[in-house]
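Have the viewer open as you read.

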Amino acid sequence: MDEALTLMNGLYGTAVRLTRDGDAARDLVQDTYLKALRAQDTFEPGTNLKAWLYTILHNTWRNRQRDRARARVAFDSDTVAEAVETGRSGVVEAVTPETALLGSVLDADIKAALDTLPDAFREAVWLRDVEDFTYQEIADALSVPIGTVMSRISRGRRLLHAALSARQTGPERTRSGRTGTTGDV
Amino acid sequence: MTLHFPTQAQDCRQIEALLPPFVDGLAPPETRAIVAAHLERCADCRRAAESQRAVRAVLVSRRGALEEAAPADLAESLRRSLVPVAAMPAVRPRVSAVAAAAAVVIAMTGAFVWATGRSSALLAAQLTLDHLKCFVLDGDDELPEVTPDAARSSFKRDYGMDVRLPPSTGTGSRARLIGLRQCLYGEGWIAHALYRVDHQAVSVFVIPSADASAAQIQAFGRRAEVIVRDDTTYVLVAPPGVTEVAAAVGLEAE
């Protein structure tokens with residue numbers, strides 16, 4: 001369990017992005033470790049402890065969401081996916097060069113932009129680009145096919161790009177531009 | 001060989017899911033060639049790829065700043081909480097009064113498990129904790145009675161699992177089914193059926209395998225019983241004062 005505790009910061013960071021709330025994140029991390037302890041005889045030494053813990057974290061959170069508001073959860077929601085799909089044309093209006101544009105964005109803006117993403121996309125992008133999970137590890141943690149993971153990362157990055165671009169270029173541009181529905185998701 | 005030419009929109013949809021591995025440099029050569037060829041002729045997807053590259057670059061470069069530092073006392077709090085199962089009730093004030101005696105039972109069970117790899121008694125003990133946490137502590141004040149059929153179909157719709165609930169107990173039964181939840185146990189998800197039997201909180205955990213053997217334990221102030229029927233294992237958890245629980249929920253003793 002000591003080894004598991006070394007992963008606490010990453011789990012907590014992910015929990016904050018999931019819950020958007022420090023206290024709830026703390027509670028989620030505690031529950032995750034409690035469940036991990038109880039299920040530790042199912043963990044195979046030598047396999048990926050980090051992925052195993054994130055699986056528990058994700059499932060615990062998803063369960064809570066479902067228990068509390070059985071309707072609002074964005075996971076596995078085709079509706080959300082479709083809603084996002086309709087905004088495709090808006091994303092590609094951003095100013096280039098892209099990297100230069102986003103290079104100066106503030107950390108706080110990135111967090112705020114991440115928080116505007118639907119849960120499923122936020123989690124996929126976070127696990128891939130910040131926590132450095134492989135696609136397969138994300139698929140395992142979220143219990144979805146790997147193709148779905150790639151799709152969510154793709155759409156999540158697209159939405160994040162739109163949100164960050166809007167922040168960088170200011171509200172005037174957003175209002176007058178053709179960025180459409182993506183900013184509202 | 002028949003060649004299929006998708007429309008541009010279909011093509012873009014398919015390419016979208018391939019963009020992450022392409023952008024991350026993880027696409028196998030064939031996929032890479034397909035995506036590259038598409039990007040050559042599709043300006044929208046080309047810009048989408050560039051956007052993805054930029055977003056990933058900024059996230060990767062800011063990893064350190066984006067990670068939230070856990071509260072200073074969380075690690076210590078976890079260390080105190082994550083003691084062996086035997087001592088866990090000590091951090092759960094509402095069950096601590098009954099836990100001291102039970103702890104000995106569980107500690108012995110735990111030792112047995114580490115020696116043999118499995119134990120129905122530990123299964124029962126751990127699910128007793130889940131019963132306390134998810135039912136007794138979290139409460140069920142807002143849960144109306146549901147029929148087993150309605151619970152099953154709703155569970156199947158929400159979680160994709162067909163649950164073999166104990167046979168319906170019929171009108172006038174002592175047992176009222178008031179909820180069916182999903183519970184993470186061991187290697188996967190199981191169903192947790194919440195009942196009121198003689199107005200007392202009673203849980204039936206439904207495990208879709210018959211690996212366990214029959215067992216009865218008393219732990220954390222609750223009595224738990226493992227019953228195997230056909231290819232399903234049921235774990236009943238109830239206060240000691242509730243008699244004939246198995247019969248009440250429809251799992252008559254054989």
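## Ground rules

Buried area is the accessible area (1.4 Å probe) that two parts lose on being put together, summed over both. This is a predicted model, so local features need pLDDT of at least 70 and side-chain atom pairs count only at pLDDT 80 or more, while totals for chains, interfaces and linings use all residues. Residues are numbered from 1 along each chain as its sequence is written, chains are lettered from A and ligands numbered from 1 in the order in which they are written, and side-chain values use heavy atoms, with hydrogens and water left out.

## Chain A on its own

Helices (H or I, at least four residues) and strands (E, at least two) are DSSP runs, numbered from the N terminus. Of its 185 residues, 59% count as buried, where buried means under 20% relative accessible area, exposed over 50%, and partly exposed in between (1.4 Å probe, protein chains only).

The accessible surface of chain A is about 7700 Å², and carbon and sulfur atoms hold 50% of that. Those areas come from the Shrake-Rupley method with a 1.4 Å probe; for residues, only the protein chains shown count as cover. Take contacts (heavy atoms within 4.5 Å) in chain A between residues at least 6 apart in sequence: 71% of them join residues at least 24 apart.

## Where the chains meet

On the chain B side, 58 residues are in contact with 59 residues of chain A. The area buried between the two chains is about 5500 Å², with 57% of it from carbon and sulfur atoms.

The interface also has 20 residue pairs in polar contact, both at pLDDT 80 or more. A polar contact is a pair of N or O atoms within 3.5 Å; within protein, one must be able to donate a hydrogen and the other to accept it, and residues adjacent in sequence count only if both atoms are side-chain atoms. Among the elements of chain B that give two or more residues to its side are helix H1 (8-23), helix H3 (43-61) and strand E1 (175-185). H3(B) gives the most, with 13 residues. By class, that side of chain B has 32 nonpolar, 7 polar and 19 charged residues; Ala, Val, Leu, Ile, Met, Phe, Trp, Tyr, Cys and Pro count as nonpolar, Asp, Glu, Lys and Arg as charged, and the others, Gly among them, as polar.

## Salt bridges

Side chains of opposite charge can pair when their charged atoms come close. A salt bridge here is a side-chain nitrogen of Lys or Arg within 4 Å of a carboxyl oxygen of Asp or Glu. The whole structure has 23 of them over all chains, and 10 lie across the interface of chain B and chain A.

What do Glu68(B) and Arg17(A) form with their side chains? They meet in a salt bridge, 3.1 Å from N to O. Glu68(B) sits in the loop between H4 and H5 of chain B and Arg17(A) in helix H2 (residues 8-19) of chain A, so the pair joins two chains. Glu68(B) counts as buried at 18% relative accessibility, and Arg17(A) as buried at 4%.

Within chain A, Arg64(A) and Asp27(A) form a salt bridge at 3.4 Å, N to O. Arg64(A) is in helix H4 (residues 49-68) and Asp27(A) in helix H3 (residues 22-38), so this pair ties together parts 37 residues apart in sequence. Arg64(A) is buried at 15% relative accessibility, whereas Asp27(A) is partly exposed at 36%.
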